[in-house]
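The following exercises concern a single protein chain. Please study the sequence and the structure before reading the solutions.

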Amino acid sequence: MNYVKSMLGFWGITNIETVVVEGHLQFQDRAQQIIEAGVAEAVKIASGF
């Protein structure tokens with residue numbers, strides 16, 4: 001992740017938002033819900049750009 005942030009900074013992109021989706025492999029019974037929540041959060045953040 002640091003490499004990506006460094007490269008984006010090199011190109012002048014400094015306002016970086018990070019969405020972390022964790023637990024989808026640990027809790028197989030809720031994996032789809034966890035992933036959907038992460039995607040929804042990413043969509044919410046992306047709509048602000």
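The exercises below go from the whole chain to single residues. The model is predicted, so local features need pLDDT of at least 70 and side-chain atom pairs count only at pLDDT 80 or more, while totals for chains, interfaces and linings use all residues. Residues are numbered from 1 along each chain as its sequence is written, and side-chain values use heavy atoms, with hydrogens and water left out.

**Exercise 1.** Describe the chain as a whole.

Solution. Begin with the secondary structure: the chain has 2 helices and 0 strands. Helices (H or I, at least four residues) and strands (E, at least two) are DSSP runs, numbered from the N terminus. Next, take the dimensions: the C-alpha trace spans about 40 × 25 × 10 Å along its principal axes. Then consider burial: of the 49 residues, 8% are buried. Buried means under 20% relative accessible area, exposed over 50%, and partly exposed in between (1.4 Å probe, protein chains only).

**Exercise 2.** State where leucine 8 lies and which residues it touches.

Solution. Leucine 8 belongs to helix H1. Because its relative accessible area is 23%, leucine 8 is partly exposed. Contact means heavy atoms within 4.5 Å. Not counting residues up to four places away in sequence, leucine 8 touches Ile13 and Ile16.

**Exercise 3.** Locate isoleucine 13 and classify its accessibility.

Solution. Isoleucine 13 is found in the loop between helix H1 (2-10) and helix H2 (31-46). Isoleucine 13 counts as partly exposed because its relative accessibility is 39%.

**Exercise 4.** Determine how far threonine 18 is from alanine 42 in space and in sequence.

Solution. Threonine 18 lies in the loop between H1 and H2. The C-alpha atoms of threonine 18 and alanine 42 are 8.4 Å apart, although 24 residues separate the two in sequence. Threonine 18 counts as partly exposed, because its relative accessibility is 34%.

**Exercise 5.** Which residue lies over the face of phenylalanine 27?

Solution. Arginine 30 lies over that face, at 4.5 Å from the ring centre. The criterion is that NZ of Lys or CZ of Arg is within 6 Å of the ring centre and within 35 degrees of the ring normal.
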